[in-house]
Amino acid sequence: MSKFWSRTAREAEPYVPGEQPSDANVIKLNTNENPFPPSPLALEAMEQSINADLKKYPSPTADRLKTVIAEREGVDVNKVFVGNGSDEVLAFAFQAFFDPNEAIKMPDITYSFYPVYANLYDIPYQQIPLQDDLSINVDGLKRSVGGVVFPNPNAPTGLELSQEAVESIVANNPNQVVIVDEAYVEFGAACAVSLTTKHPNLLVTKTLSKSHALAGLRVGYAIGDVALIEGLERIKNSFNSYTMNRVSLAGAEVALADEPYYAETLQAIVKSREWVKHDLKELGFWVSNSKANFLFVKPRGIEAETLYQQLKARGVYIRYFNKPGLEGYVRISIGTDDEMKRLIDIIQLLIT
């Protein structure tokens, strides 16, 4: 700890991302990346954007990207906000809508960046325990003092809430902002965007990192009432008006428009998820009914941490969370069919 650090730096408890091994030969099933490459059309657009215009600042308003998003989501363009990955969008939302003297609510097992942001911005928070079946406690997220944030599907469980359940949470927090983080919604969960026309307190965030295979590009967005979008813009323009670079803008615009390519790859990931789920259950593992591009798994015949270590030693990376409530589970991202078959083969050897 440096004597030059501010109080904020001293007290920060940073988010810990999944391991990023440098060996290109490992099977990487630990950070929920898409196993397929981005759209060829998006790659071409990004290549073409690398030209002399890089000497100029990118558009601070990202109007063309917002228009593409608005058309895709079926909303007015003034209800769209874009940012440098959904993590940045969430960070702006915490600053724009949550106050230091009013406790917000979130699930106790959820995306671990939420408490990091809350602590960083001095926002008190209450973590609501999951139900016995690991689903989000809908009633527990109602009647918040300061606001609500949760993913749908939840992470790392992969379990979804119905649109009716989401609306119940939103309707029972009429004077607070409810943020629904839909990072994984494209893999089969119910989308809440249509509810934003009825509920001015609902903000839905999305990312191109998972569904559109652009984790390396960092593009995220939010859909919500015009007043919420204005709040986000005020924070962004007090931080950095040029959060998105020209290459990201070019790639995102084309990727979002290339629906046929991504419909095919998303369907392939869901199909793989379902057969891997079946095979793990056949081995006696408990597996969540995930609607994301990963599975939340409780192993049989081997401890979760041991499974993680043994797979890693064999060049297969999965995610182990050494935290209360999670120590008995691992999270496995869905890779290619060949990668998943290799995973199943190794697990069979380890437990027999």
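**First stop: a helix pair**

Helices here are DSSP runs of H or I with at least four residues, strands are E runs of at least two, and both are numbered from the N terminus. This is a predicted model, where local features need pLDDT of at least 70, side-chain atom pairs count only at pLDDT 80 or more, and totals for chains, interfaces and linings use all residues. Residues are numbered from 1 along each chain as its sequence is written, and side-chain values use heavy atoms, leaving out hydrogens and water.

Show side chains next: Asp87, Glu88, Leu90, Ala91 and Phe94 of helix 4 make the contact with Phe113, Tyr114, Tyr117 and Ala118 of helix 5 (contact means heavy atoms within 4.5 Å).

**Second stop: Lys210**

Jump to the loop between strand 7 (202–207) and strand 8 (220–224), where Lys210 sits. Leaving aside neighbours within four places in sequence, Lys210 is in contact with Thr31, Asn32, Asn34, Ala183, Tyr184, Phe187 and Asn293.

**Last stop: Gly18**

Now pick the loop between helix 1 (7–11) and strand 1 (27–28) to find Gly18. Gly18 is buried, at 9% relative accessible area (buried is under 20%, exposed over 50%, partly exposed in between, with a 1.4 Å probe and protein chains only). Not counting residues up to four places away in sequence, Gly18 touches Asn30, Thr31 and Arg319. Draw a C-alpha to C-alpha distance from Gly18 to Lys28: 10.0 Å in space, 10 residues apart in sequence.
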